[in-house]
Amino acid sequence: MHSAMKTLLLNPPSFEKFDGGAGSRWQAAREAEAFWYPTWLAYAAGMLPGSRLLDAPPAKISAAQTVEIARDYDFVVLFTSTVGFENDLHIARSMKEAKPDLKVAFVGPPVQVRPAESLMAGQEIDFVVRGEFDHPVVEFAQGRSLAEIAGVSFRRNGTVAHNPARPPLTTEELDRLPFATEVYKRDLVIENYNMPFLQYPYVSLYTSRGCPALCTFCLWPQTLSGHDWRVRSADNVAEEVRQALKLFPQAKEFFFDDDTFNIRRERVLELCKKFKPLGFRWSCNCRVHGDYDTLKAMADAGARKFVVGFESGDPQILKNSKKGATVEMARTFAKNCKKVGIKIHGDFIIGLPGETKETIARTIDFAKELDTETIQVSIAHALPGTELHEQVHNSGFLASEALADSGGHQLPHIEYPHLSRQEMMGAVNRFYDAYYFRPRVIWRLVRHALWDSTERKRLYHEGAEFLSLRAERWKYARKAVTRPVAVSVPAAGATSESPGKN
């Protein structure tokens with residue numbers, strides 16, 4: 001094996017409270033500060049001796065500190081986001097000014113959607129990777145030339161060359177990857193990671209990659225992970241959990257951050273058999289397809305909470321978004337979860353195609369009927385690379401390419417003739433108010449915090465942050481305040497030698 005370049009795997013510093021990069025599917029600052037793990041970067045970090053996984057946002061590492069850290073490395077792999085791309089270019093430029101011979105690769109959804117445009121946006125980027133980047137960046141660090149590495153795009157003779165795509169990793173290849181949790185132990189502090197709906201501290205990992213669902217708005221299956229659903233073997237997953245329980249005895253919960261954990265019933269049951277003897281608590285992302293018996297098996301194996309994308313209470317909006325689920329399926333799923341004792345964090349979206357004032361009211365009523373433990377309400381974001389972006393752009397409903405303000409906070413950028421951006425922003429606040437300012441919900445939240453000082457502290461801080469952002473939303477909704485916007489990846493138009501499709 002070649003002696004590998006000393007490599008820094010970087011989730012860069014960005015906006016305050018912004019976790020829209022290496023670990024997050026939703027590219028915006030959150031209502032309350034929260035951070036996902038940079039799991040994608042961990043795999044390559046685990047394959048490169050002498051490397052470091054630097055997750056700057058939760059560690060509160062500044063841009064200047066990041067540049068100084070990068071001086072000690074030969075190669076930086078930077079996970080960028082559409083919202084943070086311009087900021088990430090500045091950091092890469094500063095790193096190269098400090099160390100001119102440093103090599104920099106950008107990975108992540110925006111550069112694989114627009115590889116040529118991204119490369120032409122700045123000479124700071126030596127190459128980008130389209131799709132799964134685990135092996136491409138490792139091969140480069142080990143000395144392979146860019147022309148020989150499948151899945152990369154790079155500048156050559158004034159144009160951009162796109163090497164052939166790399167096939168998605170198979171089960172056997174996924175099983176051969178290092179455990180992400182080993183890299184967490186080496187480079188991260190798990191107490192830096194917090195998600196309001198998960199027990200603190202938590203640890204997250206993947207058991208699969210990809211999602212066969214065709215939801216038009218979902219970023220990762222349409223970019224990074226793909227629609228080909230590929231799984232790790234149950235034995236491999238159980239071994240990582242078993243080891244991680246020893247590495248992180250302080251962890252209160254494990255979160256399986258697969259795009260959708262419960263796609264295939266037989267695999268869920270197989271994993272549950274492996275999990276049950278380990279006696280740990282876990283949560284996961286789920287669709288509303290699980291039957292009662294499967295949910296009962298998950299509860300018996302330690303499942304505590306599901307993160308479920310209900311999106312809307314309007315049947316036509318679900319069809320327009322290719323959700324592949326119905327309102328009635330959601331009702332049944334939620335009822336069965338309550339029967340087996342599994343809690344739900346429900347996700348809803350305002351502004352998907354077909355949205356009206358009436359459908360918003362219907363969704364709010366639907367959410368109150370489901371009465372899940374917690375909810376998250378978001379404005380529809382048409383991220384480049386998604387079918388939703390193409391749909392609203394072609395229909396003339398994309399009012400602006402800007403996805404966030406200068407602080408990384410989500411801005412509505414889809415607008416319909418019958419529904420303005422200000423009205424949708426106001427609807428988010430009305431949704432939260434109608435849901436959370438109910439006596440039964442307030443008591444439910446307070447009850448959990450009464451006997452747990454950590455949960456009391458979290459509830460206080462998250463409540464204060466939520467109310468502050470709520471006031472900003474009302475300001476936008478009532479006064480149509482225009483705020484500075486973040487610059488996204490440049491529009492199409494750069495010169496390429498071949499198409500940049502993955």
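This is a predicted model: local features need pLDDT of at least 70, side-chain atom pairs count only at pLDDT 80 or more; totals for chains, interfaces and linings use all residues.
## Basis of the model

Residues are numbered from 1 along each chain as its sequence is written, and side-chain values use heavy atoms, with hydrogens and water left out.

## Overall composition

The chain contains 20 helices and 15 strands, where helices (H or I, at least four residues) and strands (E, at least two) are DSSP runs numbered from the N terminus. Of its 502 residues, 58% are buried, buried meaning under 20% relative accessible area with a 1.4 Å probe and protein chains only. Among contacts (heavy atoms within 4.5 Å) with a separation of 6 or more, 73% join residues 24 or more positions apart.

## The six-stranded sheet

Six strands form an open sheet with parallel pairing, in the order β8-β11-β12-β13-β14-β15; two strands pair if DSSP finds at least two bridges between them. The edges are held by β8 (202-205) and β15 (374-379), each of which has a single partner strand, so one side of each lacks a neighbour in the sheet. From one strand to the next the twist averages 20°.

Within this sheet, β13 (residues 303-311) pairs with β14 (residues 343-350) in the parallel sense over six bridges. Glu311 stands opposite Phe348 in β14. Helix α18 (residues 421-436) packs on the sheet, where α18 touches β14 and β15, and its direction makes about 175° with that of β15. Such angles run from 0 to 180 degrees between N-to-C directions, and axes are lines fitted to C-alpha atoms, for helices over the stretch in contact.

## Packing of α3 and α4

Helices α3 (residues 63-70) and α4 (residues 85-98) pack at about 40°, their axes 9 Å apart. The two are therefore oblique to each other, the class left after angles under 35 degrees (roughly parallel), over 145 (roughly antiparallel) and 65 to 115 (roughly perpendicular).

Ala63, Val67 and Ala70 of α3 meet Ile91, Ser94, Met95 and Ala98 of α4. By class, the residues of this contact are six nonpolar, one polar and no charged; Ala, Val, Leu, Ile, Met, Phe, Trp, Tyr, Cys and Pro count as nonpolar, Asp, Glu, Lys and Arg as charged, and the others, Gly among them, as polar.

## Val288

Val288 occupies the loop between β12 (282-286) and α13 (292-300). Val288 is buried, with a relative accessible area of 9%. Leaving aside neighbours within four places in sequence, Val288 is in contact with Val308, Phe310, Ala325, Met329, Ala330 and Phe333. Val288 and Arg331 are 43 residues apart in sequence and 8.7 Å apart in space, C-alpha to C-alpha.

Conventions:
Buried means under 20% relative accessible area, exposed over 50%, partly exposed in between (1.4 Å probe, protein chains only).
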